[in-house]
Amino acid sequence: MVRKMTKEQNYDVVIAGCGVAGLYTALSLPRDMKILMLSKEDIASCDSMLAQGGICVLRDENDYDAYFEDTMRAGHYENRRESVEIMIRSSRGIINHLLALGVQFEKNSDGSLAYTREGAHSRPRICFHKDITGEEITTTLLSHVKTLRNVTIMEYTTMTDIIEKDGICIGIKAETQEKGELLIYAHNSVMATGGIGGLYQHSTNFPLLTGDSCRIAKEHGIALEHMDYVQIHPTCLYSTKPGRSFLISESARGEGAVILNHKGERFVDELLPRDIVTEAIHKEMEKEGTAYEYLSFENVPEHIIREHFPNIYQRCLEEGFDLLKEPVPIVPAQHYFMGGIRVDSDSQTTMEHLYAVGETSCNGVHGKNRLASNSLLESLVFAQRAAIKIINSERK
């Protein structure tokens, strides 16, 4: 029997997860706090890197009511209204900070931000960078975190449990790539481990996302919420190859791409909320007895395809489909988890000194069904709020 080597470490804050939520939490904390970040595999293998469409922003005060209603309607009015208001009101500050950090959002000729539209949005309000917005934001945040002397990043290190004493979280247990055990004691711990896609046969997520934080929370009696609220993305590239499903951004439909059956007929309004579009596709597949339907870019100008969707265009070419000449086969796949560890508006769980941010948390913003491109914004807004709460609690 081989005994594990156990090492103890001490930090002010430990963050499990290196996606946008984890990175932005670290960036929002003071430079005199000693911070450890854990990545289950390499840093690039986080779902934040995969976000294509963009990140929402409140365009102006006249857009507030419409943006609020779009989010609530997509979530079947099961959203926490306070959380939705916080997210929308915080959005412009987040976007301005990302710009200041160097995120290259697309701009118009006059230098103003260019906006695109996605399903269930009543108007264009989504900032984007080609069709790799998540990668642009994540790599920019990572580049800044790597310059911080107070932050240590450990790759291939998996959170296996939290350390609890008298009902309070005092740290995290983790396992290294060499199967060594770490006991990381910290004043505050943050779970930012992403979603649950790795538990599904067909998912747009990385396989490593297996709901670790939710499992651990349940074992410690920490409140969970809406664990059955799982979003299926309607337009993923159909393939018989094993592995992660390739998502075709909803902004493609916002730019005019249409969904067709095998007869070349439209059968659904492409800009309805994702759950409705997904249901329509499944029904059409059952009706036709097929394993997929089609997405046609015939109405999308060539320069939009090449400039806005270059990576989608290239990936489809690799699969043998030219967006400029033919429709591509699409099928719904698991995409996003609206439920998770219940947190308050400051991202605090029901256990003291333990926070959850990003997709693993449930702050109620998304309700029963997420509005397109709210995920990156929600992650950043509530990661920042977690950091502020941690700062204030430490001062007290």
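**Aromatic pairs, ring-charge contacts and a helix crossing**

In this predicted model, ring pairs join Y238, Y292 and Y294 into a cluster. The structure holds four aromatic pairs. The pair formed by F297 and F309 is edge-to-face, because the ring centres lie 6.4 Å apart and the ring planes meet at 75°, an angle that falls in the class over 60 degrees. This pair connects distant parts of the chain, its two members being twelve residues apart. F297 is located in the loop between strand 12 (293-296) and helix 8 (302-308), while F309 occupies the loop between helix 8 and helix 9 (310-318). F297 and F309 are both buried.

K34 lies over the face of Y11, at 4.8 Å from the ring centre. R370 is placed over the face of Y336, and here the distance from the ring centre is 4.2 Å.

A helix-helix contact was examined as well. Helix 1 (residues 20-28) and helix 4 (residues 133-145) have axes that come within 10 Å and cross at roughly 35°. The crossing of helix 1 past helix 4 is left-handed. By residue class, the contact of helix 1 with helix 4 comprises eight nonpolar and two polar residues, with no charged ones.

Conventions
Residues are numbered from 1 along each chain as its sequence is written. This is a predicted model: local features need pLDDT of at least 70, side-chain atom pairs count only at pLDDT 80 or more; totals for chains, interfaces and linings use all residues. Side-chain values use heavy atoms; hydrogens and water are left out. Axes are lines fitted to C-alpha atoms, for helices over the stretch in contact, and angles run from 0 to 180 degrees between N-to-C directions. Helices (H or I, at least four residues) and strands (E, at least two) are DSSP runs, numbered from the N terminus. A crossing is left-handed if the near helix is turned anticlockwise from the far one by less than a right angle, and right-handed if clockwise. Ala, Val, Leu, Ile, Met, Phe, Trp, Tyr, Cys and Pro count as nonpolar, Asp, Glu, Lys and Arg as charged, and the others, Gly among them, as polar. Rings of Phe, Tyr and Trp (its six-membered ring) pair if their centres lie within 6.5 Å; planes under 30 degrees apart count as stacked, over 60 as edge-to-face and the rest as tilted. Buried means under 20% relative accessible area, exposed over 50%, partly exposed in between (1.4 Å probe, protein chains only). A charge sits over a ring if NZ of Lys or CZ of Arg is within 6 Å of the ring centre and within 35 degrees of the ring normal.
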